[in-house]
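User: Hello! Could you walk me through this structure with a few questions and answers?

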Amino acid sequence: MARAIGIDLGTTNSLVAHVDPRNRPQVITVDEGRPLLPSAVHYAADGTVEVGASARRQAPQRPVDTVLSVKRFMGRGPGDIRAEDRGISSFDEGGAVVKLRVAGGTRSVTPIEVSAEILKVLKRRAAEAFGGPPGGCVITVPAYFDDAQRQATKDAGRLAGLEVLRLLNEPTAAALAYGLDKQVTGTFAVYDLGGGTFDVSILRLEGGVFEVLATGGDTHLGGDDFDRVVAARLLREGLTPPTATPSPAVLRGATAAAQRLREALSAEQVVEADVELPDGFRLAARLTRQELEALLLPVVERTSEPCRSALRDSGLARVDGVVLVGGATRTPLVRRHVQALFGQEPLSDLDPDTVVALGAAVQADALDQGGREDVLLLDVIPLSLGVEMMGGVVEKIILRNSTIPASATQQFTTYADGQTGMVIHVVQGERELARDGRSLARFTLKGIPPMPAGVARVEITYAVDADGILQVAAKELATGLEQTIQVKPTYGLGEDQIEAMLIESIEHAEADVTERFLREWRVEGDRILGSLESAFAVDAELLKATERAAIEQRLAGLKRAMAGDDYLAIKAWIESVDAATQAFAERRMDKHIKKAMAGHRVDEFAQAPRTTREGGDEE
Ligand code: ADP
Ligand code: MG
């Protein structure tokens with residue numbers, strides 16, 4: 001039987017572990033004899049992709065083509081990129097997701113694709129260790145990861161060809177590795193200081209289930225900050241020839257030297273370095289642990305407040321145990337600091353580098369042992385299910401990655417006066433336009449009683465059962481008219497197609513959104529042209545010739561804009577038409593209300609339904 005694996009997909013380092021036949025969780029050697037795979041991906045101009053330590057070594061010479069700390073960009077948009085990251089990497093501007101320009105500017109990749117490269121290597125190493133492909137996997141994520149970040153992580157797993165059984169919170173994984181779940185009840189703090197991020201979580205265990213009571217931390221605090229302060233000192237005191245403005249390559253070289261010295265000082269009292277840097281520079285330094293601790297103290301102290309506030313948020317005065325996670329917690333100063341903060345000695349029997357991966361392996365193994373039942377209940381919908389709207393855009397009804405069984409209902413209305421049928425086109429996929437998704441079914445709800453546009457209420461319900469079978473029901477609420485069909489969403493859609501579609505939707509996200517707006521505004525423009533045409537036919541006498549001419553002129557502008565592809569122009573012309581027809585609309589309203597009320601009492605109208613038309617008359 002294929003063995004399940006646990007993966008710690010870290011900002012700085014990634015690991016893979018499994019539970020061996022003698023029931024012991026073990027990490028697998030992945031890179032240059034070590035269990036740690038540096039989360040570094042190098043894209044060479046010739047198209048080759050390198051992952052791990054060899055990729056990281058390229059960073060000083062080729063910073064733009066070497067992607068480090070990609071986890072920070074998972075599930076994020078270009079607006080989330082920090083200035084310091086812009087100084088190192090090259091980004092494609094615009095768009096909905098972060099895109100990095102690599103391979104000498106010839107390729108642009110999303111964080112999901114970069115992470116998938118890392119996962120592919122871990123998968124391959126596990127396969128080599130097992131002598132066959134691994135089974136399902138559990139991937140860990142920070143407890144604070146939002147839905148987009150979790151989905152991105154899951155997508156990276158799928159892209160790498162992994163069967164992702166579950167995502168697991170990193171602090172929970174650490175607690176599992178320590179077997180804390182074997183205790184009856186307890187509260188724990190997990191202090192995780194990694195390369196680039198600091199996370200603290202307060203967990204409560206009850207009945208074998210961990211609950212995250214509170215989280216805190218700093219997404220830009222970790223060993224990298226230690227390296228920065230140490231590198232600054234080395235550059236100040238050990239660089240020949242001296243310079244106040246080192247190039248990015250020299251900076252990266254000094255940072256790498258700082259990291260080596262600092263890590264060595266976790267075991268030694270004094271270390272020395274003498275290294276050649278790019279561009280003819282040389283760095284020579286001697287550093288004692290005491291000097292290092294003086295440099296690090298201000299950085300380490302930045303972890304105090306997040307710990308205190310997480311504890312406060314959890315409502316606990318103290319915890320039963322403290323777990324250390326992350327390579328940077330090997331620093332003796334950090335351990336002393338944690339001990340003082342929580343008033344107790346932290347658990348440290350397990351290697352803080354590997355503890356998360358070991359816990360993930362324990363969970364993967366348990367899910368595997370638990371058989372299919374457990375897993376089936378956690379199955380998710382691979383691609384969103386939606387309905388095509390006017391203009392060909394898709395309204396998603398059930399979102400991708402919803403756990404099944406799932407169901408959702410939305411109300412729709414008619415577009416034209418007197419419309420008696422409604423076409424329901426069921427579409428699957430992440431793209432904005434129906435023509436780019438996969439068409440699953442199309443049927444027409446017939447026999448809607450003729451009503452003015454926008455008055456009919458049609459409720460569409462999508463329900464996916466535990467076997468992944470979709471049932472679509474459409475119901476007109478006034479008459480109770482209903483029609484139901486069954487569709488099997490994933491039928492004939494292979495994993496590779498899902499992947500291709502995911503990649504496509506990521507690649508086209510920006511163009512899709514623009515095109516969606518364009519279509520929506522064209523539909524709105526059509527609606528306005530149509531309704532004014534009928535209004536002119538009925539109520540032409542309410543307009544003076546000059547008013548009519550002014551409106552016609554703006555309508556011509558609107559038609560011109562609708563023929564083009566700038567949705568903002570269409571929107572602007574619609575607003576202009578709206579403004580020009582305001583008086584006309586009011587006169588029509590007066591005329592028709594008078595007509596409608598003839599022979600009725602005023603109070604019969606008191607309960608009339610309100611419309612949502614903008615610029616209403618109720619102010
Ligand atoms: P992440 O969770 O961000 O992937 P890790 O848990 O792998 O990160 O931690 C990486 C950090 O741990 C790096 O900053 C590295 O320098 C630091 N580290 C690794 N070994 C030691 C050590 N012996 N002493 C101090 N810091 C260390
Ligand atoms: Mg980590």
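Predicted model: local features only at pLDDT ≥ 70, side-chain atom pairs only at ≥ 80, totals over all residues.

User: By class, how many nonpolar, polar and charged residues does the shell around ligand 1 have?

Analyst: Residues are numbered from 1 along each chain as its sequence is written, chains are lettered from A and ligands numbered from 1 in the order in which they are written, and side-chain values use heavy atoms, with hydrogens and water left out. For the classes, Ala, Val, Leu, Ile, Met, Phe, Trp, Tyr, Cys and Pro count as nonpolar, Asp, Glu, Lys and Arg as charged, and the others, Gly among them, as polar. On that basis, the shell around ligand 1 has one nonpolar, 13 polar and three charged residues.

User: How many residues surround ligand 1, and which are the closest?

Analyst: A residue is near a molecule if one of its heavy atoms lies within 4 Å of it. The number of residues around ligand 1 is 17. The closest are T12, N13, R262, E263 and S266.

User: Which helix gives the most to the shell around ligand 1?

Analyst: Helices here are DSSP runs (H or I, at least four residues) and strands are DSSP runs too (E, at least two), numbered from the N terminus. The top contributor spans residues 248-264 and provides three residues. That is helix α7.

User: Which residue has a polar side-chain atom 2.6 Å from a nitrogen atom of ligand 1?

Analyst: A polar contact is a pair of N or O atoms within 3.5 Å; within protein, one must be able to donate a hydrogen and the other to accept it, and residues adjacent in sequence count only if both atoms are side-chain atoms. The nitrogen contact at 2.6 Å comes from the side chain of S266.

User: And how much of the accessible area of ligand 1 does the protein cover?

Analyst: Accessible areas come from the Shrake-Rupley method with a 1.4 Å probe; for residues, only the protein chains shown count as cover. On its own, ligand 1 has 580 Å² of accessible area. The protein covers 90% of that.

User: Is D20 buried or exposed?

Analyst: Buried means under 20% relative accessible area, exposed over 50%, and partly exposed in between (1.4 Å probe, protein chains only). D20 sits in the loop between β2 (13-19) and β3 (25-27). Its side chain has a polar atom 2.8 Å from the backbone nitrogen of R24, and a polar contact of 3.4 Å joins the side chains of D20 and Q26. With a relative accessibility of 11%, D20 counts as buried.

User: What separates the C-alpha atoms of P25 and V362?

Analyst: P25 belongs to strand β3, and because its relative accessibility is 34%, P25 counts as partly exposed. Along the chain, P25 and V362 are 337 residues apart. Their C-alpha atoms are separated by 6.6 Å.

User: Which strands stand at the edges of the open sheet of four strands, and why is one side of each left without a neighbour?

Analyst: Two strands pair if DSSP finds at least two bridges between them. The order in this sheet is β20-β19-β22-β23, with antiparallel pairing. Each edge strand has a single partner, so one side is left without a neighbour in the sheet; these strands are β20 (394-398) and β23 (438-446).

User: Within that sheet, which residue of β22 stands opposite V387?

Analyst: Strands β19 (residues 385-388) and β22 (residues 421-428) run antiparallel and are joined by three bridges. Opposite V387 stands V426.

User: Which residue in β18 is the bridge partner of F188?

Analyst: Strand β12 (residues 185-193) has eight of its nine residues buried. Nine bridges join β12 to the antiparallel strand β13 (residues 198-206), and the two form a hairpin with four residues between them. On β18 (residues 321-325), which runs parallel to β12, there are five bridges. There, the partner of F188 is G321.

User: In β11, which residue stands opposite V141?

Analyst: Both faces of β10 are covered, with C137, I139 and V141 buried on one side and V138 and T140 on the other. Four bridges join β10 to the parallel strand β1 (residues 5-9). Five bridges join β10 to β11 (residues 164-169), also in parallel. Opposite V141 stands N169.
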